[in-house]
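Student: I'd like to go through some side-chain contacts with you. Where do we start?

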Amino acid sequence: MSSLVCPMALLPPEVATLVFNNIEETSHLLECSLVCRSWVTFSRSNLKLAVFKGPSTACFAELLACPTNTLAPTLTELRLYTSNVEPLLPALGAFPFLRVLELGYCTVTEKLPALPSLTSLTLKLVQFQTSGVFHAHVASLPLLQTLSLFGVSCTDAGDGDAMFEETDCSIIIPSLQLQFFADHVIDKRILFALYAQNLTLLLHDTPAHAWLSEFLVHLGAALRTLKIVTLPNWQPDDILAQLDLSANVNLVDVEARTI
């Protein structure tokens with residue numbers, strides 16, 4: 001007796017890829033992954049999974065601990081917004097094709113596992129035990145193209161105003177995005193180790209022009225494009241006029257606009 005073959009499994013890969021690239025709803029992608037084995041890779045590679053504080057954290061940890069889970073080898077986008085993130089971090093090494101990672105509202109005490117395929121990293125209100133933990137992780141991401149920071153800090157005591165030109169620590173990021181809130185600044189021990197070719201500033205509060213100018217001077221000739229985005233009731237051109245761009249001699253494109 002010949003075995004039955006699911007007709008869905010006979011779709012050419014290029015057709016299946018085209019179909020799944022047009023599916024955005026997480027629930028629909030999860031349903032598709034249950035149709036047949038050949039659809040698992042296609043559906044999971046487009047899946048954007050988010051884990052928030054609460055029961056979902058424990059469920060996600062239990063899923064990762066299962067030796068037969070098929071999620072880790074296929075997932076490409078993951079968002080973890082939970083204070084209890086530490087138990088989940090070692091398992092990230094099981095995601096060989098993870099391209100997008102967001103961490104929020106948590107503390108990281110140790111270097112994250114290697115993520116060789118990661119191209120985009122977003123950190124929101126994340127505390128690192130030391131700036132060295134942050135630097136070691138970011139420096140270990142060979143394909144990283146975009147780094148977004150908001151309220152990233154260090155829990156260890158130290159001079160937050162220390163300038164990193166005095167150290168050997170320097171990390172080059174093609175595109176850097178910084179969100180500025182007066183109550184959630186980025187620790188300078190973290191920020192001044194970074195160099196970027198493309199910088200985007202999202203200003204939600206009145207910016208500290210001296211602080212921003214100091215960072216622009218730090219970027220120097222490495223900076224090529226600058227984008228400033230403000231709230232509608234602000235004048236982004238006025239903010240731009242108050243910044244010192246004299247050190248950015250290779251700056252070729254400047255944009256200032258409101259949200």
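**Rings and charges**

Student: What is the relative accessible area of tyrosine 105?

Tutor: Quick ground rules: residues count from 1 along each chain as its sequence is written, and side-chain values use heavy atoms, leaving out hydrogens and water. This is a predicted model, where local features need pLDDT of at least 70, side-chain atom pairs pLDDT 80 or more, and totals for chains, interfaces and linings use all residues. Buried means under 20% relative accessible area, exposed over 50%, and partly exposed in between (1.4 Å probe, protein chains only). Tyrosine 105 lands in the partly exposed class, with a value of 47%.

Student: How many residues apart in sequence are the parts tied together by tyrosine 81 and tyrosine 105?

Tutor: Rings of Phe, Tyr and Trp (its six-membered ring) pair with centres within 6.5 Å; planes under 30 degrees apart are stacked, over 60 edge-to-face, the rest tilted. The structure holds three aromatic pairs, and this one is tilted, at 5.9 Å centre to centre and 50 degrees between the planes. Tyrosine 81 sits in strand β2 and tyrosine 105 in strand β3 (strands are DSSP E runs of at least two residues, numbered from the N terminus). So the pair bridges a sequence separation of 24 residues.

Student: Which residues make up the network of salt bridges that share partners?

Tutor: A salt bridge puts a side-chain nitrogen of Lys or Arg within 4 Å of a carboxyl oxygen of Asp or Glu. The structure has five, including arginine 257 with glutamate 255 at 3.1 Å. The network joins Glu77, Arg79 and Glu102.

Methods: Helix = DSSP H or I, 4+ residues; strand = E, 2+ residues; numbered from the N terminus.
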